[in-house]
Amino acid sequence: MSTRTFRITVRGAFDALTDAQRAALLAEAAEHDVLRAAFTPEGTLTYDIAARPAFVFRFSAAGEKEEDILEATERAEEAAKTWLTERGYGFKQLRSTAEDLSQAPLGKRQRRAARTAGA
């Protein structure tokens, strides 16, 4: 059985931040810039608190069955909640999307390579 790679995105919004929490997030904003975004097993957080209170966590996970994506999504949501809760950040509107990369459509280069290999 082959290993499947999953990409999980957990989105939400900070809620009821204190002035000190907002200042802390602003101070660490460069570390959480969208240009540093990556899907990682431990998760990558991005936000732009100066523009809006939204945040995005990006996680990668692996599984052997299609159904494993559900457990991976639950783990990602729990990891995001834990990160926020441990730092005392309130949050709301938490929602997740997940993608099984083995089911993703091929890009233009991948289609061309597949045609070349089959010819």
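Leaving aside its neighbours within four places in sequence, which residues is Ala-76 in contact with? The answer is Ile-8, Val-10 and Phe-59, where contact means heavy atoms within 4.5 Å.

Before I go on, a word on the basis: this is a predicted model, in which local features need pLDDT of at least 70 and side-chain atom pairs count only at pLDDT 80 or more, while totals for chains, interfaces and linings use all residues. Residues are numbered from 1 along each chain as its sequence is written, and side-chain values use heavy atoms, with hydrogens and water left out.

Ala-76 is found in helix α2, helices here being DSSP runs of H or I with at least four residues, and strands runs of E with at least two, numbered from the N terminus. With a relative accessible area of 4%, Ala-76 is buried; buried means under 20% relative accessible area, exposed over 50%, and partly exposed in between, for a 1.4 Å probe and protein chains only.

Turning to the helix as a whole, α2 covers residues 68–86, and its 19 residues reach 27 Å from first C-alpha to last, close to the 27 Å expected at 1.5 Å a residue, that is, 1.5 Å times one less than the number of residues. Its buried residues are Asp-68, Ile-69, Ala-72, Thr-73, Ala-76, Ala-80, Trp-83 and Leu-84. Seen down the axis of α2, these fall within an arc of 140°, so they line one face of the helix, the arc being that of the directions from the helix axis to the C-beta atoms. The face turned away from that buried side carries the exposed residues Leu-70, Glu-74, Thr-85 and Glu-86. What covers the buried residues of α2 includes β1 (4–15), β2, β3 and β4 (90–100). Just after α2, Gly-88 takes a positive phi of about 80°.

On the strand side, let me take Thr-9, which lies in β1 and counts as buried at 10% relative accessibility. Not counting residues up to four places away in sequence, Thr-9 touches Phe-39, Val-56, Phe-57, Arg-95, Ser-96 and Thr-97.
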